[in-house]
Amino acid sequence: PYSRADFQRHDAALRQKEARHMYLARDATGNVHSVAYLIWDQQSVYYHLSGDDPAHRSSGSGMLMIWEGIRYAKEDLGLATFDFEGSMMKPVGAIRRQFGATPVPYSRIWRYDSLLYALIDQIRNS
């Protein structure tokens, strides 16, 4: 969803702060199977960007990228929190949960069909 220029600016800022690490999985013939882009702050490592070549998805390299990212966070950076940054795609969420991830909602959306209920809820939450 980003232009190449946007990504390069983003990467340059993170590189300058020494707050990013990239992984690349290749086979013996040089075919790239998966990539991962990790970023971090003082508290957490974030699985910021990742991708797999659909032709090589069955190699398991995407899972290896996650495993290596978690290992890097703990052993090299000394950070205990690995944030997958979430996904709305059910298959992606299922994979993340295999690594012990717990979904955390960032927002709650609701609708009031009654002005009286909306007023009562607003008073109760004040």
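Colleague: Let's start with Arg9. Is Arg9 buried or exposed?

Modeller: Arg9 is exposed, because its relative accessibility is 54% and the cut-off for exposed is over 50%. Keep in mind that this is a predicted model.

Colleague: Which residue does Arg9 meet in a salt bridge?

Modeller: That's Asp6, with 2.3 Å from N to O between the two side chains. Asp6 counts as partly exposed, at 36% relative accessibility.

Colleague: Where do Asp6 and Arg9 lie?

Modeller: Both are in helix H1, which covers residues 4-16. They sit three residues apart, about one turn of the helix.

Colleague: Why does that spacing matter in a helix?

Modeller: An α-helix has 3.6 residues a turn, so residues three or four places apart point the same way. And side chains of opposite charge can pair when their charged atoms come close.

Colleague: Which residue does Asp11 form a salt bridge with?

Modeller: Asp11 pairs with Arg15, and their closest N and O atoms are 3.2 Å apart. These two are also in H1, four residues apart, again about one turn.

Colleague: And is Asp11 buried or exposed?

Modeller: Buried, at 9% relative accessibility.

Colleague: Let me zoom out. How many helices and strands are there in the protein?

Modeller: Four helices and four strands. Going along the sequence, the pattern is α-β-β-β-α-β-α-α.

Colleague: And how much of the protein is buried?

Modeller: Buried residues make up 26% of the 126 residues. The accessible surface comes to about 9,700 Å², and carbon and sulfur atoms account for 56% of that.

Colleague: What's in the largest nonpolar core?

Modeller: It has 19 residues. The ones with the most contacts inside it are Tyr23, Leu38, Trp40, Val45, Tyr47, Met65 and Phe82. The elements giving two or more residues to this core are strands S1 (20-26), S2 (32-40) and S3 (44-52), plus helix H2 (61-76). S2 gives the most, with five residues.

Colleague: Let's pick Met65, then. Which residues does Met65 touch?

Modeller: Leaving out residues up to four places away in sequence, Met65 touches Tyr23, Leu24, Ala25, Ser34, Val35, Ala36 and Tyr47.

Colleague: And Phe82, where does that one lie?

Modeller: Phe82 is in strand S4, residues 81-83. It counts as buried because its relative accessible area is 16%, and buried means under 20%. With residues up to four places away left out again, Phe82 touches Leu38, Val45, Tyr47, Ile66, Gly69, Ile70 and Ala73.

Colleague: How far apart are Phe82 and Gln43?

Modeller: They're 39 residues apart in sequence, and 9.2 Å apart in space from C-alpha to C-alpha. For the protein as a whole, take the contacts with a separation of 6 or more: residues 24 or more positions apart account for 44% of them.

Colleague: Back to H2. Which residues of H2 are buried?

Modeller: Ser61, Gly62, Met65, Ile66, Gly69, Tyr72 and Ala73. They cover an arc of only 155° around the axis, so they are on the same side of H2.

Colleague: What about the other side of H2?

Modeller: Trp67, Lys74 and Glu75 are exposed there.

Colleague: And what follows H2?

Modeller: Gly78, with a positive phi, near 70°.

Colleague: Last one: which residues form a nonpolar patch on the surface?

Modeller: Leu24, Val32 and Val35 do, with about 200 Å² of accessible area together. Val35 is in strand S2, and it's partly exposed, with a relative accessible area of 32%.

Conventions:
Residues numbered from 1 in each chain as written. Predicted model: local features only at pLDDT ≥ 70, side-chain atom pairs only at ≥ 80, totals over all residues. Heavy atoms only, no water. Core = buried A, V, L, I, M, F, W, Y, C linked by side-chain atoms within 4.5 Å. Buried < 20%, exposed > 50% of the residue type's maximum accessible area, 1.4 Å probe, protein only. Contact = heavy atoms within 4.5 Å. Patch = residues over 30% accessible without salt bridge, like charges linked within 9 Å, V, L, I, M, F, W, Y side chains within 5 Å. Areas by Shrake-Rupley, 256 points an atom, 1.4 Å probe, with all protein chains shown as cover. Salt bridge = Lys/Arg side-chain N within 4 Å of Asp/Glu carboxyl O. Arc of directions from axis to C-beta.
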